[in-house]
Amino acid sequence: FGEAALAEALRSAWPNLADVSPPGTLIEAGRPILTMFADGSTTEDVERQLMKRVTELERQIYLGSS
C-alpha cells in the first residue's frame with residue numbers, strides 16, 4: 001500500500017495523502033495511519049471529497065482493488 005500511496009501522491013502538485021508509514025510499521029489500534037487532504041469551495045465540498053477518498057482508500061486496503 002505504501003508504494004501505491006506514494007505513487008498517487010506524486011501524480012499531482014499537491015498530494016492527496018501524506019504521512020504514509022513504511023511497510024512493516026506496527027500501527028496500534030485506533031491510531032491514524034495517514035493524513036488525507038482535500039479541497040473545495042465549501043466545507044461540505046471538502047467533506048464530500050474526503051469521504052470519497054476514504055471509501056476509495058478502504059477499498060484499496062481491504063479489497064486490494066484500485
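## Charge

The protein chain carries 6 positive and 10 negative side chains. The centres of these two sets lie 4 Å apart. The model behind these values is predicted.

## Fold and dimensions

Two helices and two strands make up the secondary structure of the protein chain. Their order along the sequence is α-β-β-α. The strands are β1, at 17-18, and β2, at 35-36, with a loop between them.

The C-alpha trace spans about 40 × 25 × 20 Å along its principal axes. Among contacts between residues at least 6 apart in sequence, 12% join residues at least 24 apart.

## Burial and surface

The protein chain has 66 residues, and 11% of them count as buried. Its accessible surface comes to about 5400 Å². Carbon and sulfur atoms account for 55% of that surface.

## Nonpolar patch

A nonpolar patch on the surface is formed by Phe 1, Ile 27, Ile 33, Ile 61, Tyr 62 and Leu 63. Together these residues have about 630 Å² of accessible area.

One of the patch members, Ile 27, sits in the loop between β1 and β2. Ile 27 counts as partly exposed because its relative accessibility is 33%, and that class lies between the cut-offs of under 20% for buried and over 50% for exposed. The 33% of Ile 27 also meets the requirement of over 30% relative accessible area for patch residues.

Definitions and conventions
Residues are numbered from 1 along each chain as its sequence is written. This is a predicted model: local features need pLDDT of at least 70, side-chain atom pairs count only at pLDDT 80 or more; totals for chains, interfaces and linings use all residues. Side-chain values use heavy atoms; hydrogens and water are left out. Helices (H or I, at least four residues) and strands (E, at least two) are DSSP runs, numbered from the N terminus. Buried means under 20% relative accessible area, exposed over 50%, partly exposed in between (1.4 Å probe, protein chains only). Contact means heavy atoms within 4.5 Å. Accessible areas come from the Shrake-Rupley method with a 1.4 Å probe; for residues, only the protein chains shown count as cover. Lys and Arg count as positive and Asp and Glu as negative; His and the chain ends are not counted. The place of a charge is taken as NZ of Lys, CZ of Arg, CG of Asp or CD of Glu. Patches are made of residues with over 30% relative accessible area and no salt bridge: like charges are joined within 9 Å, nonpolar side chains (Val, Leu, Ile, Met, Phe, Trp, Tyr) within 5 Å. A salt bridge is a side-chain nitrogen of Lys or Arg within 4 Å of a carboxyl oxygen of Asp or Glu.
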